[in-house]
Each structure stands twice: as C-alpha cells, then as structure tokens.
Amino acid sequence: NDNNNNNAENFVEKPRRTLFVRNVNYGIPESTLKKLFEDVGPIKRFFNLIEKRGMAFITYYDVRHAEQAKKKVQNHILNDRQIDVHYSLPKEDSLEFPEETNNATIYVKS
C-alpha cells in the first residue's frame, strides 16, 4: 500500500476536454459560472450540479481551451468561495480502450 500512496503523491493530471469544478457556492447562478469559463472558449456541455452539490462539469470542444480555463480559473474566488478545478477522470470502463477516449473527428470539405 505504500506504493499506492507514493503514486498518488506523484500523480499528474492528464489534460482532458472536461473539467470538474468543485467548491462552488450553492447560490451562484449557472450563468455566472458558465460565463467565467466561456471567456476562455466555446463550451460543448455544461452539467450543473451547483444547487445540489456545489459542483459542475464543463466540457470544451477543444482540449486547449480546457487547459487554459483550468489555469485561469483555478482558485478563483466566487462569492467568498475559492473554486477548485480539475480535469475530469474518465469512467473506469473507458480505461480498457484508452485510444477511444477524448477523440475527435474532423471533416474537411473540399
């Protein structure tokens, strides 16, 4: 078990398009939090759990926007609470096929 503790300490988050945002004030309107993240880039999906759990999941179309948002918004104070931003981890079953996670298809019309 000591090896597991060492691995947790050395864990580096892998950039992903979806961010997990926690420690959000329960009274913050969705539009306020969404605007904070939209300033970085277009959002594909905003999953609101603010009123129930003080958190949200935000998915960008582009992983680079997620990286920028994480850096910009991490520890931002919103209504007297310091929000905490992390890359969302994939579901356990998607780890079996890592090549299928976080993929995108670009169609070029000629």
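This is a predicted model: local features need pLDDT of at least 70, side-chain atom pairs count only at pLDDT 80 or more; totals for chains, interfaces and linings use all residues.
A helix is taken here as a DSSP run of H or I at least four residues long, with numbering from the N terminus. The protein has 110 residues, of which 28% count as buried, and its secondary structure comes to 4 helices and 6 strands.

**Overall architecture**
- Among the contacts that link residues at least 6 apart in sequence, 64% join residues that are at least 24 apart.
- The protein exposes about 8,200 Å², and carbon and sulfur atoms supply 47% of this area.

**Helix 4 and its surroundings**
- Helix 4 covers residues 63-73, and its buried residues are Ala 66, Ala 69, Lys 70 and Val 73.
- Because these buried residues fall within an arc of 100 degrees when helix 4 is seen down its axis, they line one face of the helix.
- An α-helix has 3.6 residues a turn, so residues three or four places apart point the same way.
- Arg 64 and Lys 71, by contrast, are exposed and lie on the other side of helix 4.
- The buried residues of helix 4 pack against two strands given here with their ranges, strand 1 (18-22) and strand 6 (84-87), as well as against helix 2 (30-38) and strand 3.

**Helix 2**
- Helix 2, one of the elements against which the buried residues of helix 4 pack, has Leu 33, Leu 36 and Phe 37 as its buried residues.
- Seen down the axis of helix 2, these buried residues fall within an arc of 90 degrees, and therefore they line one face of that helix.

**Thr 59 in strand 3**
- Thr 59 belongs to strand 3, which covers residues 55-60, and strand 3 is also among the elements packed against by the buried residues of helix 4.
- Thr 59 counts as buried because its relative accessibility is 7%, where the cut-off for a buried residue is under 20%.
- The side chain of Thr 59 makes a polar contact, at 2.7 Å, with the side chain of Thr 18.
- When neighbours within four places in sequence are left aside, the residues in contact with Thr 59 are Arg 17, Thr 18, Ile 43, Lys 44 and Arg 45.

Conventions. Residues are numbered from 1 along each chain as its sequence is written. Side-chain values use heavy atoms; hydrogens and water are left out. Buried means under 20% relative accessible area, exposed over 50%, partly exposed in between (1.4 Å probe, protein chains only). A polar contact is a pair of N or O atoms within 3.5 Å; within protein, one must be able to donate a hydrogen and the other to accept it, and residues adjacent in sequence count only if both atoms are side-chain atoms. Contact means heavy atoms within 4.5 Å. Accessible areas come from the Shrake-Rupley method with a 1.4 Å probe; for residues, only the protein chains shown count as cover. The arc is that of the directions from the helix axis to the C-beta atoms.
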